[in-house]
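Dear colleague,

My notes on it come after the display.

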Amino acid sequence: MKTWTKEERYRVLKSEEEIRPLFESIVKSDYRQHYHIQSVTGLLNDPNGFVYHGGLWHLFYQWCPWGAVHGLKYWYHTVSEDLVTWKNAGVCIRPDTLYDNKGAYSGSALPEDGEVYLYYTGNHRDENWVRKPYTCIVKLRDDGTAEKLDPLFGPNENYTEHQRDPKIIYNEENGKYYIVLGAQTSDKKGCVIIYSSDSPTEGWSFAGQLRIPGFEDFGDMWECPSIEKISGYDVLLFCPQHLTLPGRGGSIHHSGYLLGHMDWESLTFAPDNTRFHVLDFGFDSYAAECAANPSDKNKATLVAWMGLPDASYPTDDEDWSGCLTLPRELRVRDRRLIQQPIDGLRKLRGARIDLEETDILPRVCELELIMRGGDLELSLFAGENGAGGLRIAYDDAAREITVDRSQMKRRFNTEWGEERRRPLPKGLFHLRIFIDRSSVEIFVNDGDAVFSSRVFPTEGEDRIKLKGDASVRLWELGRAVEEDFAV
Ligand code: FRU
């Protein structure tokens with residue numbers, strides 16, 4: 001694996017020609033996705049600034065142009081009319097001021113009076129590499145470029161250098177704007193700090209630290225917090241770091257949420273029970289970002305990075321890494337978030353494949369299973385003899401579903417475990433599985449649980465094997481992202 005010097009990681013991109021050869025080589029990769037947003041070159045991590053504006057969905061991602069490495073981060077812009085077909089729109093925010101000299105880090109968007117403002121963390125480092133995070137703002141111009149305004153505020157001296165990922169929230173009840181930031185207290189506890197203002201672009205001041213009874217000591221840093229209103233609940237989403245959770249195989253990065261009620265006057269989030277819910281039970285999901293639904297205030301659409309911090313992937317050797325999950329519509333059922341793939345994806349369905357006639361699994365497809373009861377053993381990307389592959393198993397006696405990628409030929413990030421489990425107290429009745437060339441997203445029981453994972457099948461890992469009493473439908477899916485070289 002390539003080792004990167006600091007100079008290489010933080011090299012400034014001066015012209016698109018510097019990365020054209022990289023683009024031309026990576027688009028030949030067998031693992032490039034057909035309907036997921038993926039890095040144009042180099043590394044993609046968090047989704048940012050997801051918003052509906054001017055008849056289009058805008059979605060940005062954290063981008064390091066040079067290779068599969070975290071270095072100087074830009075905001076790369078993609079747009080869609082329908083959340084299904086996406087176009088590359090080029091770089092939006094460049095780390096080109098003193099405030100963001102070592103990266104334009106994650107953040108969010110606010111549509112306001114016909115404009116869109118993007119809020120992000122300017123990752124400033126001085127000559128001794130000491131970090132100072134600034135909360136920055138830009139106006140999105142019609143041509144997709146960013147007009148930088150003055151930064152809103154600098155670091156809060158009462159917390160460590162880890163203060164980032166502004167989520168902008170307008171509270172209709174008191175007419176105030178809030179920015180929630182992920183942070184770390186001086187005694188190294190993860191938390192959320194909040195700033196407020198009467199205007200989206202100026203007059204910001206520190207309002208306080210979010211109180212969350214029962215979550216005062218839960219990981220040492222919280223990344224990418226946000227508070228969404230879904231089905232009448234407040235949902236606090238965040239990524240606590242450096243703690244382990246039962247059933248998560250030693251993984252130390254999690255993406256999850258609390259359901260409850262947010263009181264903006266006392267800055268208290270009261271969870272309706274003390275459970276931290278894992279957002280996605282798969283191997284690769286982090287830093288979720290939600291867009292408000294323009295016509296229904298009780299809904300939101302979620303996208304996450306199908307990847308993890310400190311992880312490595314087989315395409316690292318090809319100098320690219322990272323894709324986003326499918327957009328998922330959120331609602332609350334039985335006091336839990338339900339995530340469903342957005343409806344429009346059905347239009348990607350092409351030819352139906354009859355599994356009575358073939359056991360070859362297309363590399364780009366959707367599989368639907370309606371269970372009639374009992375156990376299930378499903379292997380995707382099995383070998384010709386039916387052995388190996390990604391194993392999805394439901395044990396009806398134990399009422400539990402398991403996803404196991406240990407039998408795939410290309411194994412990676414094995415130190416965090418190769419099996420993920422989720423209890424299904426009411427049993428398994430429905431599975432919808434989206435397969436792209438190097439990912440699998442499994443929606444269990446109409447979105448009651450989701451498993452998102454990267455997989456990298458090799459030649460010969462191309463069969464599907466099914467044991468269980470289920471009616472099955474399989475469709476090839478069409479392409480929804482083009483390999484456009486827009487920088
Ligand atoms: C999460 C994160 C954010 C940060 C960004 C930098 O993956 O570490 O906290 O803003 O990535 O790319």
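Predicted model: local features only at pLDDT ≥ 70, side-chain atom pairs only at ≥ 80, totals over all residues.

Residues are numbered from 1 along each chain as its sequence is written, and side-chain values use heavy atoms, with hydrogens and water left out.

The chain is divided into domain 1 (6–341) and domain 2 (343–477), with bounds that come from an automatic or database domain assignment. Their C-alpha centres are 29 Å apart. To the contact (heavy atoms within 4.5 Å), domain 1 brings 42 residues and domain 2 brings 45 residues.

The two domains bury about 3,800 Å² between them, 55% of it on carbon and sulfur atoms; buried area is the accessible area (1.4 Å probe) that two parts lose on being put together, summed over both. Of the area that domain 1 buries against domain 2, 22% is supplied by Tyr35, Phe281 and Phe283, more than by any other three residues.

Between the domains there are seven salt bridges, each defined as a side-chain nitrogen of Lys or Arg within 4 Å of a carboxyl oxygen of Asp or Glu. Asp30 forms a salt bridge with Arg363, and the closest N and O atoms of this pair are 3.2 Å apart.

On the side of domain 1 that touches domain 2, β21 (328–333) and β22 (336–341) each supply at least two residues; strands are DSSP runs (E, at least two residues), numbered from the N terminus. The most comes from β22, with six residues.

An N or O atom in the side chain of Asp46 is 2.7 Å from an oxygen atom of the ligand. For Arg164, the corresponding distance from a side-chain N or O atom to a ligand oxygen atom is 2.8 Å. A polar side-chain atom of Lys73 lies 2.9 Å from an oxygen atom of the ligand.

With kind regards

Terms used. Helix = DSSP H or I, 4+ residues; strand = E, 2+ residues; numbered from the N terminus. Polar contact = N/O pair within 3.5 Å; in protein donor to acceptor, adjacent residues only side chain to side chain.
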